[in-house]
Amino acid sequence: METKPNMTKKERDCLLTIYNEEKSSGLPLRLVDVARSLKVKPPTALELLGRLESKGYVERRRGLISLSESGREAARGILTVHRALEVFFASCGLSADDACGLVAQFDYIVGPSMAPKILSALGNPSKCPHGYPIQPQ
Ligand SMILES: [Zn+2]
């Protein structure tokens, strides 16, 4: 089993931030938007974006930032694992928010290939404890 993550926690946060912002606004982001969402300074956001770009997850054109198709796929994979594991920890008695905070520390390490196995072990739930669909569209 592959357990070496291909990104850091900060890169994971950056990837999911862009994914969520693109979904909510439907528009590409600027550096300042990414920095603000991540609560980091623009040079820090720029460094993270450069790393995600070199992995093929992020595209930058004339100052506008968007996810590539493989970036979107990686984000969806992390979110599916995230939401499935939230269901598990909520079933252990954690609140939805506590489960979310815990799972965010390692969902990107688990890997998307585990998602169907986790979901099957949990009886194939369709929603996370916050009510979001387990499989993001
Ligand atoms: Zn969550």
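Predicted model: local features only at pLDDT ≥ 70, side-chain atom pairs only at ≥ 80, totals over all residues.
Is Arg-62 buried or exposed? Arg-62 is exposed, with a relative accessible area of 87%, and it sits in the loop between strand S1, residues 58-61, and strand S2. Its phi is positive, at about 45°, although the residue is not a glycine. As background, most residues other than glycine have a negative phi. I will come back to that kind of backbone angle, but let me go through the chain as a whole before that.

The secondary structure comes to seven helices and two strands, and, read from the N terminus, the elements run α-α-α-β-β-α-α-α-α. The radius of gyration is 15 Å, close to the 14 Å that the globule rule gives for 137 residues, so the chain is as compact as a globular protein of that length. If you think in terms of a box along the principal axes, the C-alpha atoms fill one of roughly 45 × 30 × 25 Å. Of the 137 residues, 39% are buried, and when we take the contacts between residues at least 6 apart in sequence, 62% of them join residues at least 24 apart. The chain exposes about 7700 Å², and carbon and sulfur atoms supply 56% of that area. As for charge, there are 19 positive and 15 negative ones, and their mean positions are 3 Å apart.

Let me turn to helix H2, which covers residues 31-38 and holds Leu-38. Asp-33, Val-34, Ala-35 and Leu-38 are the residues of H2 that are buried, and what covers them includes helix H1 at 9-25, helix H3 at 42-54 and strand S2 at 64-67. Leu-38 has a relative accessibility of 18%, and because the cut-off for buried is under 20%, this residue falls on the buried side. Leaving out residues up to four places away in sequence, Leu-38 touches Asp-13, Cys-14, Thr-17 and Leu-48. Val-87, by contrast, is 49 residues from Leu-38 in sequence and 25 Å from it in space, C-alpha to C-alpha.

What follows H2? The helix is followed by Lys-39, whose phi is positive, near 55°. In the loop between H2 and H3 we also find Lys-41, which counts as exposed at 62% relative accessibility. The C-alpha atoms of Lys-41 and Leu-31, ten residues apart along the chain, are separated by 9.8 Å.

Asn-124 is placed in the segment after helix H7, residues 115-121, and it is exposed, with a relative accessible area of 54%.

Finally, I would like to return to strand S1, where Arg-60 is found. Which residues does Arg-60 touch, not counting those up to four places away in sequence? They are Leu-46, Leu-49, Gly-50, Glu-53 and Ile-65. Arg-60 is partly exposed, with a relative accessible area of 33%. Between Arg-60 and Lys-23 there are 37 residues of separation in sequence and 17 Å in space, again from C-alpha to C-alpha.

Terms used:
Residues numbered from 1 in each chain as written. Heavy atoms only, no water. Helix = DSSP H or I, 4+ residues; strand = E, 2+ residues; numbered from the N terminus. Rg over C-alpha atoms; globule rule 2.2 N^0.38 Å. Buried < 20%, exposed > 50% of the residue type's maximum accessible area, 1.4 Å probe, protein only. Contact = heavy atoms within 4.5 Å. Areas by Shrake-Rupley, 256 points an atom, 1.4 Å probe, with all protein chains shown as cover. Lys, Arg positive; Asp, Glu negative; His and termini not counted. Charge placed at Lys NZ, Arg CZ, Asp CG, Glu CD.
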